[in-house]
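Thanks for coming. Please look at the sequence and the model on the screen, and I will walk through them.

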Amino acid sequence: MTAGQDLEPLEDEALRERLERVWAHPTGWRGVLTAVDHKVIARRYIATAFVFFFLAGVLALLMRAQLARPESHLIGPDRYNQLFSMHGTTMMFLFAVPVMEAIAVYLVPLMCGARNICFPRLNAYGYWVYLFGGIMIWIAFAMNVGPETGWFSYVPLAGPEFSPGKRTDFWAQMVTFTEVAALAVAVQLVAQILKQRAPGMTLSRMPLFLWSMLVTAFMVIFAMPAVMVATTFLITDRLVGTQFYNPAEGGDPLLWQHLFWFFGHPEVYIIFIPALGMVSQIVAAFSRRTILAYPAMVLALLANGFLAFGLWVHHMFATGLPRLGDSFYTSASMMIAIPSGLQIFAWIATIWDGKPRFKTPLLFVIGFIVIFVLGGLTGVMLASVPLDLQVHDTYFVVAHFHYVLIGGAVFPLFGAIYYWFPKITGRLLDERAGVWNFWTFFVGFNVAFFPMHILGLLGMPRRVYTYKAGLGWEVWNLISSLGAVLIAVSMLIFIINVLVSLRRGKVAGDNPWEASSLEWATSSPPPIYNFLRIPVVTGREPLWEGDKLPVMSGLGETERESLCVSIVEAEPDIRQKSAPPTVWPLLAAIATTVLFIGSIFHEWAVVWGAIPVAITLCGWFWPGRPTRKALKERSA
Amino acid sequence: MIRQRIVGDLSHLPDHAFGPRSLMWWGILGFMLIEGAGFLLAGGAYFFLVGHVQPWPPGQTPPTLTWGIVFTVVILLSEIPNAWTNNQARHYRDWPTRIGLILMSLAGAILLAIRFLEFQALNTRWDADPYGSIIWALMILHTVHVVTDLGDTLYITIVSFIWPFDGGEYSGVVDNCVYWRFVILTWLPIGALVYLGPRLL
Ligand code: HEM
Ligand SMILES: [Cu+2]
C-alpha cells in the first residue's frame, strides 16, 4: 500500500477479522484467570479500588457515628484504634494510589496509541498481588488482627513491646504487597511512556496526563522503597529481634519516622499528581481549547515531583529538629505552593478563554479547585513551625489532609470517572444524577470537614474514641457527622448511577465529548487490539488536527506485537513481541502471597517460600516454541 | 469510526535491538532504580545509626576482612567474563554465548559460597544491637541480588541449551549482563559500609 492512499471500508473489515484472530484470548473462567489485556486488568483494578474505598468509607461512617455524641459507647477504644488504622491504611494503600495507577493502566496505552501495555504479564501479576494483599488485611481485620497503630504506625507504639500479637505484622506485610503492586505498575508506566508512544508523539506533544503519570511513576520508584525498607526493619524488629528502632539498645524510633515520611510525603503527591493530569485532560476537552502554557505546566509537574522529596521532615516538626532544619523545611513546604498555584491559574485561564460546557466532569474539576485552594491554605499554615506545634495531632490536621486528599484527588477522580466512563463501558453516566452526585458530595464534604478545623483549634486531639461533654466540641462533632452522612448519600447516588448507566446509559459513540487525545480515536469500549492501525501524531491535540487520522499499518497484524519508538522524537524503531494470555502471573502472585503471609509467622518462610516463586517465574518466561532437538529431527 | 489515512508501514521494522533501544532494558532499568533507591536508603539508615551508636561498632570487632577482600576481588574479576558474554550475545554467537552463560553461572555460585563464609566472619549478630542489625541488613540486601541474578543466569543458560536463541533472547542476555554490572557496582559502597565503616567511623 502506498503512503497517503485513502482506504476502502472492505480493507478495514478484513483487517479487523485478522486482528481478532491474532489477539484472540480464552473466554469464560480461563479467560478471567489468564487475562493480560491492560483494559481488562485496569477495569478490575478500578473496581477493586472502589470496593476498598467504600469499605473504608463505611469505617469512616462508624467513626463519625461514634464521635457524633460525647461519651458514646457504640465503639470501644480498641475497636476504634483498628477503625482509624484500617480507614487510613485502606484509603492510602488500597484505594488512592492503586486507583490512580489503575486508571493509568487503562488510559496510558490508549493515549499512547499502543496495542497493549508494555509488560502485560507483569501488569496482571501486579493486580493479583494487590488484590491478595487487600483481601489479606481485611480478613485479618475481620478476625480481630487488623492494624491498630494508625496509618503510619509509629514505633515504639508499633514495636514488639507495645503492639504484641500479629496485628502490626499483618499491617507491615500489607504494605509490602501494595508496594510490590505499585512498583510493578510504575516500571511499566515509565517504559510505556518513554518507549511505546505513537509515532510522532514527541515528548513536547505528550498529553499532560502522560506527563503527570511519568512523574508519578518516577516518584513511586524513588519513594516506595523507603516504606519497604521501613516496614522490613519493623517486621524484623518484631520477629527476629533486630534493634533498628529499639532505643534501649541504641536504636532510634526517629529512624522510622524519617524512612516513613520519606515515602509518606511524596505519597500524597503520588496521589495528587495523576489527579492534576486528569484535570488537564478534562479542562481541555470541556473548554474546547488546548491548555494554556503547556511548557510551564510540564515544568510545574516536574517541580512538584522534585520538591515533594524535600518535604518529608515537615511531618516531624514536633520532634525537635535543629533550628536551621526547621526553617529550611518551612520554606520548602511553602515553595511547593508555587507550581500548584501556577497550574490552577492555567486551568482557570483555559476555561475562561475557551467555550466551556459545564458537564459533570468539569463540575468536579471546579469543586477540586475550590477545595484544593482552601486545603492548600491550611497546608501553608501548617508549614510554619509555631502553628504546626499548636495544632499538631489535632483535628485541624485531620481536616487539612482530607481537604488535600479528597479535594485534591477524589474530586478529580470522580470527574475522571464521569469523563472516561463512556470510553470504558460504551455508555455515558447520567448527567442529572451526576449533578446531584457532585452537589451532595461538595456540600457534604465541607459540612463534614470544615468543622474539624474548628475542633482542632478548640484542642480536640485526633485518634480519640470519645470525648467528655462540656468542652464545646459537641455541636461541631454532630455537624461533622451529619456531613459524613450526606457524603454517604452522595456515594449511593454514584453507585446507583454507575449500575443503572452500565445497562441503560446513553450509548456513547467513539468520542462523546469531542476530545482530542488518542483514546477517543477508537471505539468505546475499544477492541482488544485497541486500534485498527497505529495512529500517528502530528501535533499536541491529534484529533483536532484534521478530519482524517494519519495511521501506520503492518503492526500486530500477524502476531501480537507492540511498537517501540525513540524516546524523544518518537520515531518507529522496533516491533516488540507482546505476551499472550497465561495463568502464570496469577500463580506467581499466589506464590508471592504464600511467601509474604508465611513470613509473618516464620522468618524462614522467606527462604522456602522463594522456591515456588522461582518455579512460577520459570513458567512465566518459558519459551513456547520448538526445541533444538525438535528442529534437528525436523530437518533430518 | 474516525476516518484514517495510511501514511506508512511498520512491518519492515526489526523485531529486537540491544541496550537502551530494547524495551526490556528499560524494564530492568526501572528495577535497578528501585533497588538502587533501596540501597541508598539502607545506607542512609546506616549513617543515621552511626550518629546514635557510639562508638561504632559498639564494643565488637569489625567484620573480618579476609573473605570480604576475596569477594570483592572475585566480583570485580567477574566483569571480565560478563563483558565477554555481553559481546558474544551482541554478535549472535550461539556457542560462545552459551559458554559465557555457564561461566557467569559459575561465577555467581562461587560468589555465593564466599558470601556464606563472609556471613560467618561478620563478628556480630543481627539481634545484638542496631550496628549488628544494619550490617546484616546490608549484607542480606546485596546477597538477595546475587541470588536473583544467579537464578536468572541459570535459567537463561538452561533455556539456551534446550531452545535455539532468537534475537530477543540475545538481547535478554545483554540485559542480564547489565544487571550483573549493577550487582558489582552496588557492592562497592555496600562493602565499604560493612567492612570499612566499622574501622574508619
Ligand atoms: C469520604 C469520607 C471520609 C470521612 C467521613 C473520613 C473520616 C475520617 C475521620 C473521622 C478520621 C479521623 C479519625 C481519628 O483521628 O480519630 C479520618 C482519618 C483518616 N482519613 Fe479519612 N475520611 C474520609 C475519606 C478519606 C479519604 C478519601 C482518605 C484518603 C485518600 C482518607 C484518609 C484518612 C487518613 C490517612 C486518616 C488518618 C488515619 C490515622 O490517624 O492513622 N480519608 N478520616
Ligand atoms: Cu507532607
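**A buried serine, an iron site and an interface**

I start with S212(A), which is buried, with a relative accessible area of 0%. Buried here means under 20% relative accessible area, exposed over 50%, and partly exposed in between, with a 1.4 Å probe and protein chains only. This is a predicted model, where local features need pLDDT of at least 70, side-chain atom pairs count only at pLDDT 80 or more, and totals for chains, interfaces and linings use all residues. Residues are numbered from 1 along each chain as its sequence is written, chains are lettered from A and ligands numbered from 1 in the order in which they are written, and side-chain values use heavy atoms, with hydrogens and water left out.

Back to the serine. S212(A) sits in helix α7 (residues 208–239) of chain A; helices are DSSP runs of H or I with at least four residues, strands are runs of E with at least two, and both are numbered from the N terminus. Leaving aside residues up to four places away in sequence, S212(A) touches I273(A), P274(A), G277(A) and L301(A), where contact means heavy atoms within 4.5 Å.

Next, the iron. Which residues coordinate the iron atom of ligand 1? They are H87(A) and H402(A), each through NE2, at 1.9 to 2.0 Å. Donors are N, O and S atoms within 2.8 Å of the metal (3.2 Å for Na, K and Ca); water is not among the atoms, so sites may look incomplete. H87(A) belongs to helix α4 (residues 77–111) of chain A and H402(A) to helix α14 (residues 395–425) of chain A, so the pair ties together parts that are 315 residues apart in sequence. Both histidines, H87(A) and H402(A), are buried.

Now the whole chain. Chain A has 20 helices and four strands. Of its 636 residues, 62% count as buried. The C-alpha trace of chain A spans about 80 × 65 × 50 Å along its principal axes. Among contacts in chain A with a separation of 6 or more, 80% come from residues 24 or more positions apart.

Last, the partner chain. The contact takes 72 residues from chain A and 54 residues from chain B. Between them, chain A and chain B bury about 5,700 Å², 66% of it on carbon and sulfur atoms. Buried area is the accessible area (1.4 Å probe) that two parts lose on being put together, summed over both. On the chain A side, R575(A), R625(A) and R628(A) lose the most area to chain B, together 13% of what that side buries.
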